[in-house]
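Visitor: I am new to this structure and would like to learn how to read it. Could you walk me through a few features?

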Amino acid sequence: MEPPDPRNLVPPGRTAQFTVFVGGVLAVAVLVSAAPLVSLGSTLPELPVAFWTMAVLAVACDARPFVPPGRRQSSAVFPSTCFTFAILLGWGLGPAVAVQAVAVLVSGFRMGYAPWRTAFNAGQYACALAAAYAVTRLGPGGVFDGGALGVTDIAAIGGAGVAWLVVNYSLVTTAVRLRFGERWWPNAWHGLPFELLSTGSLLLLAPVLVTAARASAALVPLVLVPLFAVYRMARLTVEQHQLAALDPLTGLANRKALLAEVSEEIHRHAECRARGEPDARLALLLIDLDRFKNVNDALGHEVGDRLLVEVSARLTDVVEPPDLVARLGGDEFAIVMTRLTEVAQARALADQVVQVLATPVPLDGLPLDVGGSIGIALYPDHGEDFATLMRHADVAMYDAKHRNDTVAVYTAESDHNSAERLGLLADLRRVLEGGAAGQPGEAAVPAAPASVVRGGDGAMLSAMPSASTEPTRDVPPAAAGLDERPGQRWWSRRRRRPPLAAQDDELINRIVTGADPILRRAAHEAAAADELWARPVPAGEPPDPDRADGQPTGQPQLSGPERGNEAIEDAGEIMMYYQPQIAIATGAMVGVEALLRWRHPRRGMVDPEELIRVAEQSAVMRLLTRRVIDDVTEQLAKWSAAGLELRAAVNVSVRDLHTGEIADQIADRLARHHLAPDRLQLEITEGALMADPRRVLTTITRLHRIGVGIALDDFGTGYSSLQHLRRLPLSEVKVDRSFVLGMVDDADDAAIVRSTIELAKALGLRVVAEGVEDERSWRMLHAAGCDVAQGWFYARPMPAAELVAWLARYRPVRPLGGHDEADIPHRHAR
């Protein structure tokens with residue numbers, strides 16, 4: 001059942017002011033037309049045949065006005081305007097108002113107007129005719145009293161037409177503003193061109209009509225010919241517009257028609273919301289066929305076109321009017337659902353569409369299996385205009401594809417290109433392009449104190465004498481990467497700077513320095529440090545203990561390169577944190593995992609997962625990976641100079657593995673810092689392998705030939721396959737923290753961890769367990785034969801300077817005795 005025209009209803013909350021306005025218009029109409037209508041009774045028999053002919057034509061034409069498709073009925077073209085304005089010019093206000101009132105009654109009945117709306121239309125036309133009549137009276141006399149028309153008569157006719165338009169259009173737009181609370185001027189300006197073209201043309205035809213009527217009444221019906229011509233031309237124009245709004249292949253509405261329909265329905269649903277109606281939601285469903293490209297590539301575009309025609313027919317069968325189906329282009333379709341109360345109704349229709357598309361399409365005896373992914377966006381929940389709804393439906397559709405689902409409703413969490421994330425991405429690009437990764441003040445490695453920290457972060461364990469000399473020997477102060485001058489105190493030691501590449505030509509030197517991140521940061525740091533040393537320290541001024549660099553109060557603190565650029569400061573600071581990796585059997589630290597951190601000036605520490613999600617969708621990911629590799633290799637070189645031979649693991653994304661750029665960069669940085677290739681290890685996920693196995697395998701093979709270790713991260717959480725362990729040049733497998741955290745209480749998780757360790761051991765791979773946070777997990781991993789562990793049980797991620805201090809205090813701990821199988825939960829027989 002078609003819903004009632006909302007313009008026949010008055011929204012609650014505005015009834016009083018609108019009623020006053022309508023009553024005022026009717027009162028003015030009665031005042032200005034009462035006397036002419038009263039005198040009409042005596043002059044009516046004297047009116048000529050031409051008048052009666054115009055009156056009959058006015059009423060007959062208004063019985064079927066021209067309503068342009070896609071427009072509201074208030075924008076309909078009423079031909080009675082031409083005849084009543086001609087009657088006004090020829091026989092006065094009374095006859096014109098009377099004929100117009102009858103025509104309004106007929107058109108209102110035919111178009112289903114409410115009584116109050118019909119009365120208001122009659123009043124508005126009476127006021128417009130009265131204003132036009134007043135202008136004609138400003139002339140020298142009657143406009144058509146028999147004499148020749150002068151300049152003032154022509155001006156009076158033009159002024160009367162303008163007065164009619166101004167009064168009529170002002171009353172209509174004011175009524176709309178009072179009823180729906182809309183801004184008056186934008187809506188009035190938007191509808192003015194159509195009003196000038198349609199109603200203005202009818203008003204200009206009126207003087208010609210009354211002139212012909214003065215000559216002979218038989219000429220009056222001839223005006224129907226130009227009126228019919230205008231009507232027919234308008235109809236043909238509309239039909240052309242309709243054809244332009246249709247998809248030529250499927251006959252469905254195209255994107256242009258979808259835009260017009262959604263915009264119209266949004267306006268209608270906004271009126272429903274203003275009235276407080278519950279079914280005021282609008283849903284936009286975006287459909288993308290999943291395997292259409294395969295059909296096109298295998299069978300050709302002709303078969304693909306036939307498939308699209310069949311899909312459009314199925315969609316049309318599912319969707320019932322007044323809902324609309326449109327084809328946006330290619331294999332994308334859209335559905336507009338109206339008058340919804342909840343999102344479940346849109347999901348129900350989407351499920352029906354999925355079922356319809358799941359049935360194979362037989363073409364030339366070959367059943368073609370096509371499916372679809374559907375994204376849903378609702379008005380007003382997810383947007384209040386077509387562009388926003390379309391973008392959010394597109395986001396939801398790709399979210400459904402990403403999750404291997406068929407239907408998804410828009411959520412802000414799945415929108416990786418929201419305004420907030422775009423701003424975050426811009427800040428990330430600025431901080432990456434503008435400065436180095438911030439490291440808290442470098443500190444010397446102090447000698448090991450007499451007290452021993454038990455179990456890293458506080459596990460209650462017995463400290464064992466160290467059997468390994470790797471991380472337990474005392475490190476001299478100079479090993480922390482500091483240059484010590486004679487007589488220089490420890491708090492005023494200057495950081496060691498990497499050597500700058502000297503060039504003979506100053507311009508070439510500046511270009512090379514600006515192009516290389518390491519050289520650029522070193523140059524900034526060198527300039528800042530030289531400026532610091534150029535400032536004398538006042539004699540006897542004590543160092544400030546709260547300063548990270550130990551400089552006296554009043555001296556500039558150097559935590560990384562000086563940042564004179566305000567934009568860089570606004571973007572925050574990128575820094576590297578390191579989490580120790582401990583050999584379970586000996587307790588010795590054998591490596592670290594490099595973890596990225598971003599301290600944003602407004603949001604504080606940005607969640608690492610959100611940081612990666614923001615970066616990996618754009619080219620910023622390449623800048624981020626380059627920064628991480630630069631800083632990690634530089635830090636490894638500092639540790640090497642301090643006598644710490646550690647291995648650092650770095651996570652890389654799938655975007656990094658699609659090109660060989662990362663292999664070239666790593667080879668260059670290893671050579672520059674004179675590092676052994678096995679000091680660096682890259683961690684990749686199974687999802688990265690599945691994205692493009694051929695290109696990823698090529699890059700991994702190059703890195704393996706260089707000597708860089710490859711670890712398979714988060715094993716067991718992605719597309720796990722044994723062929724990855726067999727085909728890839730791996731050196732390590734990392735058990736995901738989700739299994740390690742649950743292995744104490746969950747027998748299934750414990751079985752997965754044991755099986756992963758046994759499988760990796762059989763293939764000669766090292767096993768690292770993430771998320772080790774308590775003593776029992778640590779002992780269970782030792783019992784299962786795991787090689788290395790990392791987690792809060794040992795230490796949290798920390799900056800490089802804190803890691804050095806932690807290592808100076810740390811004493812290796814190892815499990816007592818052999819494997820304790822009693823602590824390992826086992827699965828019950830099923």
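**Strands, cores and cavities**

Guide: Gladly! Please keep in mind that this is a predicted model. Let us begin with a pair of residues: Val-733 stands opposite Val-767 in S17.

Visitor: Which strands pair there, and in what sense?

Guide: S16 pairs with strand S17 (residues 766-769) in the parallel sense, over four bridges. S16 also runs parallel to strand S15 (residues 709-715), and three bridges join these two. On that side, the residue opposite Val-733 is Leu-712.

Visitor: How should I read the two faces of a strand?

Guide: In a regular strand, side chains alternate between the two faces of the sheet. Now look at strand S16 (residues 732-735): Glu-732 and Lys-734 lie on one side, Val-733 and Val-735 on the other, and all are buried.

Visitor: Is Gln-579 buried or exposed?

Guide: Gln-579 counts as buried because its relative accessibility is 7%, and buried means under 20%. Gln-579 is located in strand S10 (residues 573-583). Its side chain reaches the backbone oxygen of Ala-795 at 3.2 Å.

Visitor: Which residues is Gln-579 in contact with, leaving aside its neighbours within four places in sequence?

Guide: Among them are Gly-591, Val-592, Glu-593 and Leu-595, and also Trp-792, Ala-795, Arg-796 and Pro-797.

Visitor: What about nonpolar residues? How do I read a core?

Guide: In soluble globular proteins, nonpolar side chains tend to be buried together. Here the largest nonpolar core has 81 residues, and Leu-428, Val-632, Trp-639 and Leu-781 touch the most other members. Helix H20 (residues 620-641) gives the largest share of this core, eight residues. A second, separate core has 55 residues, including Cys-61, Ala-86, Ala-175 and Leu-209.

Visitor: Which residues does Leu-781 contact, beyond its neighbours within four places in sequence?

Guide: Leu-781 is in contact with Ile-584, Val-740, Met-743, Val-753, Ile-757, Ala-769, Val-772 and Cys-786.

Visitor: And how do I find empty space?

Guide: Rolling a probe the size of a water molecule over the atoms shows where empty space is left. A search of the whole structure finds five cavities of 30 Å³ or more.

Visitor: Which elements give two or more residues to the lining of the second largest cavity?

Guide: They are H20, helix H21 (654-657) and helix H22 (661-672). The lining residues include Arg-622, Arg-626, Asp-656 and Glu-661.

Methods: Residues numbered from 1 in each chain as written. Predicted model: local features only at pLDDT ≥ 70, side-chain atom pairs only at ≥ 80, totals over all residues. Heavy atoms only, no water. Buried < 20%, exposed > 50% of the residue type's maximum accessible area, 1.4 Å probe, protein only. Polar contact = N/O pair within 3.5 Å; in protein donor to acceptor, adjacent residues only side chain to side chain. Contact = heavy atoms within 4.5 Å. Pairing = 2+ DSSP bridges. Core = buried A, V, L, I, M, F, W, Y, C linked by side-chain atoms within 4.5 Å. 1 Å grid on protein atoms, 1.4 Å probe; cavity = no way out; pocket = protein on both sides within 12 Å on 5 of 7 lines; lining within 4 Å. Points joined across faces, edges and corners; volume = space filled by probe spheres on them.
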